[in-house]
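Welcome! Please take a look at the sequence and the 3D structure below, and then let us walk through them together.

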Amino acid sequence: TWESAARSKMSRHPTVAALIDEATSEASPLHNLELHLEICDAVNDAGDGPKEAIKALKKKITGKVPIGQLLKSLSVLEARVKNCPHRPHVQGASQHFIDKFVKQIET
């Protein structure tokens, strides 16, 4: 059926969180435009993509992570802002996220 074909197609694609993990890994370059655009596509295609992306980025930005991983997370966030439609920006602009982000920068 078309449902099983759709599920099969989705299972072959990495999740938004997995793509963000890849983009922020030590092995990934700081500005990996191809991967950043793939993340934007995955965010746009998944129903809960914006929420999943912000959850993954929150862990990277507000947690105790090496500076390189923080910079890569900010690079992914920048790519989302520049290349995703309005819907993901609403998630990223929540007051709670901004407050945690500012707190992280201050420490």
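**A guided walk through the chain**

Our first stop is glutamate 22, which sits in helix 2, covering residues 16-23; helices here are DSSP runs of H or I with at least four residues, strands are runs of E with at least two, and both are numbered from the N terminus. With a relative accessibility of 44%, glutamate 22 is partly exposed; buried means under 20% relative accessible area, exposed means over 50%, and partly exposed is in between, using a 1.4 Å probe and protein chains only. Setting aside neighbours within four places in sequence, glutamate 22 touches Ser28 and Leu35, where a contact means heavy atoms within 4.5 Å. Leucine 35 is 13 residues away from glutamate 22 in sequence, and their C-alpha atoms are 8.5 Å apart.

Before going further, a word on what you are looking at. This is a predicted model, in which local features need pLDDT of at least 70 and side-chain atom pairs count only at pLDDT 80 or more, while totals for chains, interfaces and linings use all residues. Residues are numbered from 1 along each chain as its sequence is written, and side-chain values use heavy atoms, leaving out hydrogens and water.

Now step back to the whole chain. It has seven helices and zero strands, and 32% of its 107 residues are buried. Its accessible surface is about 6900 Å², with 58% of that belonging to carbon and sulfur atoms; such areas come from the Shrake-Rupley method with a 1.4 Å probe, and for residues only the protein chains shown count as cover. Among contacts with a separation of 6 or more, 67% join residues 24 or more positions apart.

How confident is the predictor in the chain, on average? The mean pLDDT is 76, and 67% of the residues score at least 70; pLDDT is the predictor's confidence in each residue, from 0 to 100. Confidence is highest in helix 2, at a mean of 93, and lowest in helix 1 (residues 2-12), at 46.

Next, find lysine 60 in helix 4, which spans residues 49-62. Lysine 60 is buried, at 12% relative accessible area, and its contacts beyond four places in sequence are Asp21, Thr24, Val65, Gln69, Leu70 and Ser73. Side chains of opposite charge can pair when their charged atoms come close. The side chains of lysine 60 and aspartate 21 form a salt bridge at 2.9 Å, N to O, the term for a side-chain nitrogen of Lys or Arg within 4 Å of a carboxyl oxygen of Asp or Glu. This pair links distant parts of the chain, as lysine 60 is in helix 4 and aspartate 21 in helix 2, 39 residues apart. Aspartate 21 is partly exposed, at 41%.

The whole structure has two salt bridges, and lysine 82 with glutamate 78 makes one of them, at 2.9 Å, N to O. Lysine 82 is exposed at 60% relative accessibility, whereas glutamate 78 is partly exposed at 37%.

Helix 5 (residues 67-83) also holds isoleucine 67, which is exposed at 60% relative accessible area. Together with Leu30 and Leu71, Ile67 forms a nonpolar surface patch of about 270 Å² accessible area. Patches are made of residues with over 30% relative accessible area and no salt bridge, joining like charges within 9 Å and nonpolar side chains (Val, Leu, Ile, Met, Phe, Trp, Tyr) within 5 Å.
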